[in-house]
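Please keep the sequence and the model side by side as you go through them.

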Amino acid sequence: MGGGSSENGGANGCSNGDNHHVLLMEKQEKIEPKVFRKRWVILVIFMFLSGSNGAQWIQYSIIANIISDYYKVSFQAVDWTSMIYMLTYILFFIPAAWLLDKWGLRLSVLLGALGNCVGAWIKLLSTHPDSFWVTFVGQTIVGASQMFTLGIPPRLAAVWFGPDEVSRACALGVFGNQLGIAVGFVLPPLIVSNGSVEHVTYDLNTLFLGSAVLNTSILALVICFFTARPAVPPSLAQVNALEEKTFDNNFWGTLRKLMTSRDFVILFITYGINTGVFYAISTLLSQMVLSVYPNETETVGYVGLLIVVAGMAGSVVGGFILDKFKKFKLTTIMIYLFSFVGMLSFTLTIDLDSMVLVFINAALLGFFMTGYLPIGFEFAAEITYPAAEGTTSGLLNASAQIFGIALTWLMGIVMHGFGTFTSNIIMSSCLVVGTILTCFIREDLKRQKAHSVQCTIPTSETQLTSCTLQQNEHF
């Protein structure tokens, strides 16, 4: 799987092996890493795309009572408008990861933008009480589109940004999705209010039309301005990754190595636990809070907004800390531990008849739990280098979706059968398990080591002279 890729193409002359080998080359040309200003345009376009997808994920669940009454469906059916995102990702993330690995950023991002746009327009056709199936089809298409975008941030950061920017760039890529989720929390309760069928129909039309127009605009931006990679790699690690790609371009082999790597498997599980708990809380938040504060429908949206805004701050702070100190394991453990503290505090105070406490704990919970997302991506990229970042992040996201579906479904049953306190205690316990497991991950920062290794890369497949292959430890 190699030569036809717009992102991954290009032959090169250095690889890793157990023994030293000699290759014939006619000409060897040294590549000097360089960053381009366009990298920020690429990142901003992706943030808009990811944000538009995130906003649609939660837009039904946050007004679950209104959607349930309007379409005459159960709360569980409304929950599935969020869980369908997770299910479609689990089913199709492997071909999506292969597509990213084979053809690069542009095609994956283009397909994600196209799916967002098509799904948003289909939902505009569903503003009738008998059309829940139509809105579910539209939501399924939008949900399936995230398989092309959810794993992009670490890949985009590595391909476009220098070694001192890569963690922050990844955090900003995740930040875009979080910003969209924040909009999804706060905007639907402001636009859609309870009332007659005609009133709710008008409000839903307004919500869906705005989403359709926005996603059409984003698709146009992707078509016109989004490119796969810069002309020159931004870092020595990326130069080396290109070389590894040419000589070991086996997606399925990489997948097998990842899933038999002790450290990555532990991270795969712990990432799924933390993010799965976040997905469950986000989906069930409206039902949790309204069970205690039944008249705070609009306020629930602001609680969700605060969770995500605090998480965006956590992502940026976490990215800065990683870029500054390179303490990946310690940062991951501390954030995981404080996620547990935030969850436990939220659990113990939600029924104390104080929305102020709910907001404070929501901020604490969001800062650490949502802030964990890009840090998990970056930690994976370090311990699995030179594996493609899109593949590692795709696997981590698959774990998140698996745990997300399981916890959302199970905690919904527990919450309705035994109460909110019991479901939240179970999720707090899950975070304790995740914190302990994280301590067993070995911190071998392979990508950081590669940043200091000078590599060379030929400019064509015919430029073969002698090049000594240096042994390098693989994941």
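1. In this predicted model, the axes of helix α11 (residues 262–292) and helix α12 (residues 297–325) come within 9 Å and cross at roughly 155°. Axes here are lines fitted to C-alpha atoms, for helices over the stretch in contact, and angles run from 0 to 180 degrees between N-to-C directions. This angle makes α11 roughly antiparallel to α12, since angles over 145 degrees count as roughly antiparallel, under 35 as roughly parallel, 65 to 115 as roughly perpendicular and the rest as oblique. The crossing is right-handed, a word used when the near helix is turned clockwise from the far one by less than a right angle, with left-handed used for anticlockwise. Where they meet, F278, L285, S286, V289 and L290 in α11 are in contact with T297, V300, V303, G304 and I307 in α12, contact being heavy atoms within 4.5 Å.

2. Residues are numbered from 1 along each chain as its sequence is written, and side-chain values use heavy atoms, with hydrogens and water left out. As the model is predicted, local features need pLDDT of at least 70 and side-chain atom pairs count only at pLDDT 80 or more, while totals for chains, interfaces and linings use all residues.

3. The protein has 18 helices and 2 strands, where helices (H or I, at least four residues) and strands (E, at least two) are DSSP runs numbered from the N terminus. Of its 475 residues, 61% count as buried; buried means under 20% relative accessible area, exposed over 50%, and partly exposed in between, with a 1.4 Å probe and protein chains only. Among contacts between residues at least 6 apart in sequence, 87% join residues at least 24 apart.

4. Which residues have the most contacts inside the largest nonpolar core? They are L156 and F226, in a core of 121 residues, and helix α11 gives the largest share of this core, with 16 residues. A nonpolar core is a set of buried Ala, Val, Leu, Ile, Met, Phe, Trp, Tyr and Cys residues joined through side-chain atoms within 4.5 Å. Leaving out residues up to four places away in sequence, L156 touches I42, L43, F46, L105, F161 and F226.

5. Beyond residues up to four places away in sequence, G276 touches Y271, A400, F403, G404 and L407. The C-alpha atoms of G276 and T408 are separated by 7.9 Å, although these residues are 132 apart along the chain.

6. The crossing of α13 and α17 is left-handed. Among the residues making this contact are I333, Y336, L337 and F340 of α13, and L431, V432, G434 and T435 of α17.

7. Y336, found in helix α13, is buried, with a relative accessible area of 0%. Apart from residues up to four places away in sequence, Y336 touches T270, I273, N274, Y372, L431, G434, T435 and T438. I321 in helix α12 counts as partly exposed because its relative accessibility is 29%, and I321 touches K326 and T331 when residues up to four places away in sequence are not counted.

8. Most residues other than glycine have a negative phi. K72, in the loop between α2 (64–71) and α3 (75–103), has a positive phi of about 60° although it is not a glycine, and K72 counts as exposed at 66% relative accessibility.

9. How many disulfides are found in a search of the whole structure? The search finds 0 disulfides, a disulfide being a pair of cysteine sulfur atoms within 2.5 Å. C170 is buried, with a relative accessible area of 0%, whereas C224 counts as exposed at 56% relative accessibility.
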